[in-house]
Amino acid sequence: MDSSPWACSSGRYARHRERRPVYTPEQRRRRDLSPWTRVQGVLAIGQFAVFLVSLGLVLRFLATGEGFLAATLSVCIKTFALYAIMVTGAIWEKEVFGRYLFARAFFWEDMFSMLVIALHTAYLGAVLGGVGEAHGQMLLALAAYAAYAINAAQFLVKMRMARREAPGHASFGNAT
């Protein structure tokens with residue numbers, strides 16, 4: 001019995017749980033047949049493009065004090081794009097995994113998505129409610145964007161894992 005939490009870093013080997021695949025064969029089939037899979041792909045790319053433009057506008061405002069209205073509108077557009085991808089993503093998750101959110105395969109991504117939504121919604125509340133100064137609102141937008149970037153990376157890692165698990169995927173370790 002090894003009760004040390006530092007087993008791996010102290011030179012001992014800890015037992016690792018075997019990783020479950022992202023999709024069962026049936027879930028993969030449902031994913032591939034769902035029209036929401038394509039919708040998610042299109043929305044993800046669109047949201048990322050809006051994010052990049054908006055990030056530039058927010059950083060420009062913070063650096064120069066110019067373009068507050070453009071930055072504000074861009075963050076609002078980004079937020080509504082986030083809402084769209086979250087609603088359609090929940091529908092997709094229901095079709096593929098049988099539940100609207102927090103399916104085992106995407107539990108942590110969904111959990112972090114809640115933080116992303118909360119920060120974006122807090123930004124909208126600040127803007128619509130006139131809470132805080134322009135600079136503070138833009139800093140809140142940056143916090144929301146940092147969380148979004150982490151969440152997007154989570155989903156990209158999960159997509160890569162799923163691609164590696166796909167039938168017929170040749171990994172370099174299996175080449176002879």
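Trainee: Which residues does Ala144 touch, if those up to four places away in sequence are not counted?
Mentor: On that basis, Ala144 touches Leu119 and His120. Contact here means heavy atoms within 4.5 Å. The model is a predicted one, in which local features need pLDDT of at least 70 and side-chain atom pairs count only at pLDDT 80 or more, while totals for chains, interfaces and linings use all residues. Residues are numbered from 1 along each chain as its sequence is written, and side-chain values use heavy atoms, with hydrogens and water left out.

Trainee: And where does Ala144 sit?
Mentor: Ala144 is located in helix α5. Helices are DSSP runs of H or I with at least four residues, strands are runs of E with at least two, and both are numbered from the N terminus.

Trainee: Is Ala144 buried or exposed?
Mentor: Ala144 counts as buried because its relative accessible area is 2%. The cut-offs are under 20% for buried and over 50% for exposed, with partly exposed in between, using a 1.4 Å probe and protein chains only.

Trainee: How many Å separate the C-alpha atoms of Ala144 and Leu119?
Mentor: The separation is 4.9 Å, although Ala144 and Leu119 are 25 residues apart along the chain.

Trainee: Let us move to Phe112. What does it contact beyond its neighbours within four places in sequence?
Mentor: Phe112, a residue of helix α4, is in contact with Ala147, Ile150, Asn151 and Gln154. From C-alpha to C-alpha, Phe112 and Asn151 are 6.3 Å apart in space, against 39 residues in sequence.

Trainee: Why is Phe112 classed as partly exposed?
Mentor: Phe112 is given that class because its relative accessible area is 23%.

Trainee: What about Glu109; buried or exposed?
Mentor: Glu109 is buried, since its relative accessible area is 7%. Glu109 also belongs to helix α4. Its contacts, again without residues up to four places away, are Asn151, Gln154, Phe155 and Lys158.

Trainee: Could we step back? How many helices and strands are there in the protein?
Mentor: The protein has five helices and zero strands, and along the sequence the pattern reads α-α-α-α-α. Of its 176 residues, 30% count as buried. Taking contacts between residues at least 6 apart in sequence, 69% join residues at least 24 apart.

Trainee: At what angle do the axes of α2 and α5 cross?
Mentor: The axes of α2 and α5 cross at roughly 145 degrees and come within 10 Å. The axes are lines fitted to C-alpha atoms, for helices over the stretch in contact, and the angles run from 0 to 180 degrees between N-to-C directions. The crossing of α2 and α5 is left-handed; that is, the near helix is turned anticlockwise from the far one by less than a right angle, whereas clockwise would be right-handed.

Trainee: Which residues meet there?
Mentor: From α2 they include Phe48, Phe51, Leu55 and Leu62, and from α5 they include Met138, Leu142, Tyr145 and Tyr148. By class, the contact of α2 with α5 has 13 nonpolar, three polar and no charged residues. Nonpolar covers Ala, Val, Leu, Ile, Met, Phe, Trp, Tyr, Cys and Pro, charged covers Asp, Glu, Lys and Arg, and polar covers the others, Gly among them.

Trainee: How do the axes of α3 and α4 cross?
Mentor: Helix α3 (residues 68–97) and helix α4 (residues 107–129) have axes that come within 10 Å and cross at roughly 145 degrees. This crossing of α3 and α4 is left-handed. Among the α3 residues that meet α4 are Val75, Lys78, Phe80 and Glu93, and on the α4 side the list includes Asp110, Met114, His120 and Leu124. The contact of α3 with α4 divides into 12 nonpolar, five polar and three charged residues.

Trainee: Lastly, where does Pro167 lie?
Mentor: Pro167 is in the segment after α5 (134–165). Pro167 counts as exposed because its relative accessibility is 69%. Pro167 and Pro25 are 142 residues apart in sequence, and their C-alpha atoms are 9.2 Å apart in space.
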